Amino acid sequence: MSDNFEQFPEIGPIDTPKQFHQLGIFVLDGSGSMAGQAQGGVTKADAVNIAVRDLLTRFKVSRVKQNFSFSVVTFDTSARLRTPITEASAIDDNDDYNPMNGHGGGTNIFEGLKIAEQQANDFLNQADADGVPHSVIILVMTDGACFNPGLTVQTAENIKNGPSGGKVTVCSTFFGQVGNSDEGAKNLLRNIATDRVMGFKEVYDAETLRTFFEKSISSASGVTI
């Protein structure tokens, strides 16, 4: 048997062609209470930072990464666009996504939702650009009661029932502390979620938060990350 044979270069995982384009918008609470302790010996704000960075890393190496883009909004009494719409392959997973940067005040979830709504509309309005179906998932995270829950519910309803509502999913997360549950805040978050059961979860640490974000995106997109 000859020892001569043709050498073939090793290739890594093959990316699948773009079949859809989903935008994930993180709406993250940067209010003063996020400086409280989470499980794992870090603050809740630090845990959010870890969760977002880890999730973005997973997407950057995923074989389906070309189907996803992300945007980050942070809020306290006001809100700001932390990261504009960026494709998963290009987003900086080493950046600092601590939601308290530039914040530390009260909790107005509706302010964050308003920016998320604009981001969603901008994304969906250019849906024909690459010829594939477009959709949006908005991932809201907070650790306390909103100063104006009625306006938050109204803003969420406008998003879910507006012209592009059928293409937008809202999921929500309550970052809790063991032994200190805020039923009012959790009920509000259930009310703004598209699915009150599967679209809401209470979390206590970075890993559980990251897992919920990832599974919510997978469920909404129909693919496993």
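Axes are lines fitted to C-alpha atoms, for helices over the stretch in contact, and angles between N-to-C directions run from 0 to 180 degrees. Helices (H or I, at least four residues) and strands (E, at least two) are DSSP runs numbered from the N terminus. The structure is a predicted model, in which local features need pLDDT of at least 70 and side-chain atom pairs count only at pLDDT 80 or more, while totals for chains, interfaces and linings use all residues. Residues are numbered from 1 along each chain as its sequence is written, and side-chain values use heavy atoms, with hydrogens and water left out.

Helix H1 (residues 44-60) packs against helix H5 (residues 206-221) at an angle of about 40°, the axes lying 8 Å apart. H1 and H5 are therefore oblique to each other; angles under 35 degrees count as roughly parallel, over 145 as roughly antiparallel, 65 to 115 as roughly perpendicular and the rest as oblique. The crossing of H1 and H5 is right-handed, a crossing being right-handed if the near helix is turned clockwise from the far one by less than a right angle, and left-handed if anticlockwise. On the H1 side, the contact (heavy atoms within 4.5 Å) is formed by Ala47, Val48, Ile50, Ala51, Asp54, Leu55, Arg58 and Phe59, and on the H5 side by Ala206, Leu209, Arg210, Phe213, Glu214 and Ile217. This contact of H1 with H5 comprises ten nonpolar, no polar and four charged residues, where Ala, Val, Leu, Ile, Met, Phe, Trp, Tyr, Cys and Pro count as nonpolar, Asp, Glu, Lys and Arg as charged, and the others, Gly among them, as polar.

Ala47, located in H1, is buried, with a relative accessible area of 0% (buried means under 20%, exposed over 50% and partly exposed in between, for a 1.4 Å probe and protein chains only). Apart from its neighbours within four places in sequence, Ala47 is in contact with Ala38, Val42, Phe175 and Ala206. Between Ala47 and Asn191 there are 144 residues of sequence separation and a C-alpha to C-alpha distance of 25 Å.

Helix H3 (residues 149-161) and helix H4 (residues 183-192) have axes that come within 9 Å and cross at roughly 20°. H3 and H4 are therefore roughly parallel to each other, and H3 passes H4 in a right-handed crossing. Pro149, Thr152, Val153, Ala156, Glu157 and Lys160 of H3 meet Leu188, Asn191 and Ile192 of H4 in this contact. By class, five nonpolar, two polar and two charged residues make up the contact of H3 with H4.

H3 also packs with helix H2 (residues 109-125), at an angle of about 15° and with the axes 8 Å apart. That angle makes H2 roughly parallel to H3. The crossing of H2 and H3 is left-handed. H2 contributes Ile109, Phe110, Leu113, Lys114 and Glu117 to the contact, and H3 contributes Leu151, Thr152, Thr155, Ala156, Asn158 and Ile159. The contact of H2 with H3 divides into six nonpolar, three polar and two charged residues.

The structure holds zero disulfides, a disulfide being a pair of cysteine sulfur atoms within 2.5 Å. The sulfur of Cys146 has its closest cysteine sulfur in Cys171, at 18 Å, too far for a bond. Cys146 is buried, with a relative accessible area of 8%, and Cys171 likewise counts as buried, at 7% relative accessibility.
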